[in-house]
Amino acid sequence: MAQNSTLEKPSRGGWKSAIFIIFVEVAERFAYYGVAGNLFMYLTKVLGQPTATAAKNVNTWQGVSALFPVVGGFLADSYVGRYKTILFSSVVYLIGLILLTVAVSAVPLQLRHTVFFVALYILSIGEGGHKPCVQTFAADQFDESIPSEKLAKSSFFNWWYVGIVCGATAAVLVVIYVEDYVGWSVGFGMLAAAVAAALVVFLVGSWGYRRQAPVGSPFTRVAQVVVAAFRKRRLSEREARGVCSEDEGLVGGGAGVQTLSRTSQFRFLDKAMMIDEKDNEKRNPWRLCSVNQVEEAKLVLQLVPIWLSCLMFAVVIAQLGTYFTKQGSTLNRTITLKFQIPPASFQVITGLTILISVLLYERALIPLSRALTGRQSGITVLQRIGTGLAFSILTMAVAALVESRRVSVAGENGLLDRPKSIVPMAVWWLVPQYVLCGLSDVFTVVGLQELFYEQMPVGMRSIGAAAYITVTGVGSFLSSGLISVVQWISGVSGGRGEWLGDNINRAGLEYFYWVLAGMSVVNLCVYVCVAKRFVYKRVEVDGGGTPPL
């Protein structure tokens, strides 16, 4: 097995290599949002699915697409390598888009449902290899041991997200309009062409990439710590003959390996590094682990509560492509006598908000907060995530108020029992909730990207990228589950009937939004408690660093 983090040709990399990889990500996001952004409308208008069923199908597909990266990240870090994983997943993604184009253009309607969903889940497989590796592979092009490149990496995540949003915004503005008013096959064909072009660009840049060798299963190293600590659970520090400081086997000595300082978190795991009489014979990795290996396991474990406390944010974001779009479809979207804005295209407001916010964050907020706090980054990553969670609460509260107004206008005009009629209320009333959604996204998602890259062990960074992505996936599943629960409870309780029925003029969508707002408040309180106990990674430099606690 090659040594961990062995870099091929260290003179390579930097922005000149990262830009090729960013182009691949922009094209992939362009393709993903070209499908996901209008999927709800295709399922309801073309395939004829009920509103709640279509919303659950969208959430399920997005959830699966966000869970597959765990598998892709594991394979990339452990066996295949990030470069090969990106290459393979891009080909799979292209196949899925071609099949999707064929499904909407050449497959009979009675068979289209099956072929369409097969193509969708082929895209999910492509997402599984693509999403955890592309960002990590691009970040790998910056060597943290070189001061200029370390500084460049500090801004990389913001500008990376700008690229993602540019791709998504282009899809929402252009592709969704083409799908609605020109043809679905033309729209999906554009997406396939973009991914094919990106694949060519990625191959052209291959000569200049820094590539890290796979390190074997990183989960094994974490499991060894847990097992060793359990086996020595009765061993006290006074009885121990010292601690194991040498990291044998998988990661010892590799270039780029970080030597971690000891921390007081999860002290029960410290027993895994204690030496007893049985360890003097021969080191058993399932009985004795190094200080570094134990600290790596701690890094992984302390990210779990952060991950859990961000799931509610993903539930809120899941409404963007489902019920927000449904609201917009009932409002006046006319710009001129001959032009109507597609309801799904209003997601572009969120994208533009993100673009503007990142620029303001880089040019104004960071310098200001740096002057106030003295920190190079301005605010901490955890503070950034917490700010995004607070904005998610405001998103649902504003959405509930706007929906109450929409229903009121529908009632005043006798449209409560005419769900397909346009309510005489401008669609621009939805702008505040889309803007707040964008603010929530730019703080939370970029914060999670940085946290799960920087705080993961070096050999697990693709899995770290997959972990933050799964926040969205599990949140989509939770959203789907909440829809089912709310439908059942509101259906059996009488009153206005199902809150999420097909006739949203008679339903209680605003109540659903208030429920999400309340749950988000509780979630933010939990997050604050978790964040206060979080300990950032501390790396020793030249054998020094922070002394053991």
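A quick word on the ground rules. This is a predicted model, where local features need pLDDT of at least 70 and side-chain atom pairs count only at pLDDT 80 or more, while totals for chains, interfaces and linings use all residues. Residues are numbered from 1 along each chain as its sequence is written, and side-chain values use heavy atoms, with hydrogens and water left out. Helices (H or I, at least four residues) and strands (E, at least two) are DSSP runs, numbered from the N terminus.

Two residues compared by accessibility (buried is under 20% relative accessible area, exposed over 50%, partly exposed in between; 1.4 Å probe, protein chains only):

| Residue | Relative accessibility | Class |
|---|---|---|
| Phe-266 | 27% | partly exposed |
| Lys-326 | 19% | buried |

Phe-266 lies in the loop between α7 (218-231) and α8 (291-308). Its phi is positive, about 45 degrees, though it isn't a glycine. Most residues other than glycine have a negative phi.

Lys-326 belongs to helix α10 (residues 323-329). Setting aside neighbours within four places in sequence, Lys-326 is in contact with Phe-40, Thr-51, Asp-502 and Ile-504 (heavy atoms within 4.5 Å). Its C-alpha is 9.7 Å from that of Ala-55, 271 residues away along the chain.
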